[in-house]
Amino acid sequence: MLLSRKLPGRLAGLPSGRRAKWAVLLLWVAIVAVAVPFAGKLSDAVQSKSAAELPRGAQSTRVEELAPRFAGGELAPGLLVYARDGGVTAADRAKARADAGALAPLAAGRVEPPAASRDGEALLLTVPLADDDDLADRAKTVRDRAERGAPPGLRIMLTGPAGNALDMGDAFGKVDGALLAATAVLVMLVLLMTYRSPLLWLLPLLNAAISLQVTSAVVYLLAEHAGLYVADGMSAILNALVFGVTTDYALLLLARYREELRAHEDRHAAMRAALRRAAAPIVASAATVSVGLLCLLAADMGFNYALGPIGAIGVLCGLLVVMSLLPATLVVFGRWVFWPRIPRFGDAPPARTGLWERVGRLVAPRPRLVWIGCLAVLAALSAGVLGISTGLDRDHTLTTTPSSSLGRHLMAEHFPGGQDRPLTVVADAAAAPAAGPAVARVPGVARVGRPAPSTDGRLARIDVVLDDAPDSPAAWRTVRDMRAALAGPAPSAVVGAGAASELDLADAQAHDRRAVIPLVLGVVLVILMVLLRALVAPLLVMATVIVSYFAALGGSWLLFRYALDLPALDTQVALMGFLFMVALGVDYNLFLVSRVREEVGRGPAGPRGTAPGCCGGWRSPAA
């Protein structure tokens, strides 16, 4: 017991000690020097095309895993559509044939002659490209060469997997940088408005940047040496998460430190006191957020599954930086970092005339009226949840209309809707002759290719083109019917790619919402009960966060649907929104509850003449 009482004080003395603070700073200089080179390599560890990103155990995932066993199985075709109203001309056909020959050196397989549409107004040239890190660059070269020297009036568009990779790569490349810059600017503005200091805002931002570098380095090393999966697009979420939690914890520590500077003449003693008082809510917040994120390990979606440990690493790195580097830096710089509002020893607390003082005076006398009014507003926003549509199609995935979408629509006017992303059926070689006719009899199937044997001759692959677009409900029904039709003649056959992947992703997201959301609620509630040593307070904390989540989700849907004219929300929004609103939102309640408990404990009586009691409730002094 004696050791447990002394331990917090000893830990608090490390970054705030007169000599120890320099050792902490030197240690972090060494850590950053080692971390930065590894952090810069994180993009090399990103696996943009991997079965690990697909739902675990799904048929489409199995098809992806079997692809290397077929010649040309790991290809991303680039589909060039040549279209002319009124019918293609001889010059148009000559152009397409010439492109087939010119693009052959870029292809990873044989470039077949262009195929004509039934209406005679379009040609389709398929250029098989290797699905690797240089796919986007090769796709751009294909598009640029095809558009060069086109006859007047001939429209040429690149679509298919290669065209999609080109457009999505450009979009994500812009999003990562823009999101990181926007996050940094927003945090800077919040710090400036909070402390009104031209200097202080630099330290939390610097610590957040260091947290991000350390997190990226750790994730890279685990990806390279421990098999940790890093999905494409995860860096944007990681940037926002690490910046958010680091600045949250930094703000709480700064507020405590500024208070203690008025009560202690020595800034080192002030920092020790601030760390002792701020450590409990900060560590409790990091515990709830990191454990909540680790609940994603119960997810089926590869992206969700991978985000859990990576997000937890980011939270813990942010905690480590704020509890060690930030205190040492603040003590080294001294009181002047708060300039021009420098807290001096013996200064009276600032006059309680600000916005939050007025809010407190409004809430305290009439809590029932306030919570009922707030609940009514939140309930009105939550009503928007009742009309939510999920499953955003590819046309609305980006805020702009990329060229691959234009090409897909152009191709759909003249070819079957599923031409740009055909299905793949993989069956045992002996069952393949019966699998093809079974698939062809399914309504919604436009064309069934010939079975192609695997390199070892044990399997066969059949490409299937559907009448409908891969992200349409009609295509999903066709996939389900195909899988049912194959259960008899080819029971071991699996259907993947195209609409099958879209269907499996949607099913996996639905499973993850059913599995992860209750798990997060239960785990976070138990953690809160242990940390707060109460029963009622954790239930109230969770209730406020859950209501806020539904209000945010409903309000977002109303904004997206009626202001931005989006037909649906992406299937990822509900789960990711829940994690950020619940797992991350709990920390603000923890900060508030811990401070309320501390303030009540300082006086002889709590709110309304009561004293703090057990289980998070209140009891009268006489009790």
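This is a predicted model: local features need pLDDT of at least 70, side-chain atom pairs count only at pLDDT 80 or more; totals for chains, interfaces and linings use all residues.
Figure 1. Arg69 belongs to the loop between helix H4 (59-66) and strand E2 (75-83), while Asp456 belongs to the loop between strand E9 (452-453) and strand E10 (459-466), so the pair ties together parts that are 387 residues apart in sequence.

**Figure 2. Salt bridge between Lys95 and Asp99 in helix H5.** Here the side chains of Lys95 and Asp99 meet in a salt bridge at 3.1 Å, taken from N to O. Because Lys95 and Asp99 are four residues apart in helix H5 (residues 90-103), about one helical turn separates them. Lys95 and Asp99 are both buried, which means that each has under 20% relative accessible area.

**Figure 3. Salt bridge between Lys140 and Asp144 in helix H6.** Lys140 is joined to Asp144 by a salt bridge in which the closest N and O atoms are 3.0 Å apart. The two residues are four positions apart in helix H6 (residues 135-147), so that Lys140 and Asp144 are separated by about one helical turn. Lys140 is partly exposed, with a relative accessible area of 41%, and Asp144 is partly exposed, with a relative accessible area of 28%.

**Figure 4. Nonpolar surface patch that includes Leu189.** Val185, Leu186, Leu189, Val190 and Met193 make a nonpolar surface patch of about 460 Å². One of these residues, Leu189, lies in helix H7, which covers residues 160-195. Leu189 is partly exposed, with a relative accessible area of 41%, and therefore passes the cut-off of over 30% relative accessible area that applies to residues of a patch.

Figure 5. Rolling a probe the size of a water molecule over the atoms shows where empty space is left. In this structure there are two cavities of 30 Å³ or more, and the second largest cavity has a volume of about 40 Å³. The lining of the second largest cavity is made up of Gly418, Arg421, Leu423, Leu466, Asp468, Pro470 and Ala499. By residue type, the lining of this cavity divides into four nonpolar residues, one polar residue and two charged residues.

Figure 6. Most residues other than glycine have a negative phi, and most peptide bonds are trans. The peptide bond that runs from Trp339 to Pro340 is cis, with omega near 10°, and Pro340 itself is placed in the loop between helix H11 (302-333) and helix H12 (355-363). Ala497, although not a glycine, has a positive phi of about 65°. Ala497 lies in the loop between strand E11 (494-496) and helix H17 (498-532), where Ala497 is partly exposed, with a relative accessible area of 24%.

Key:
Residues are numbered from 1 along each chain as its sequence is written. Side-chain values use heavy atoms; hydrogens and water are left out. On a 1 Å grid over the protein atoms alone, a cavity is a set of points where a 1.4 Å probe fits but cannot get out, and a pocket is an open set with protein on both sides within 12 Å along at least five of seven lines; lining residues have an atom within 4 Å of a point. Grid points are joined across faces, edges and corners, and a volume is the space filled by probe spheres set on the points. Ala, Val, Leu, Ile, Met, Phe, Trp, Tyr, Cys and Pro count as nonpolar, Asp, Glu, Lys and Arg as charged, and the others, Gly among them, as polar. Patches are made of residues with over 30% relative accessible area and no salt bridge: like charges are joined within 9 Å, nonpolar side chains (Val, Leu, Ile, Met, Phe, Trp, Tyr) within 5 Å. Accessible areas come from the Shrake-Rupley method with a 1.4 Å probe; for residues, only the protein chains shown count as cover. A salt bridge is a side-chain nitrogen of Lys or Arg within 4 Å of a carboxyl oxygen of Asp or Glu. Buried means under 20% relative accessible area, exposed over 50%, partly exposed in between (1.4 Å probe, protein chains only).
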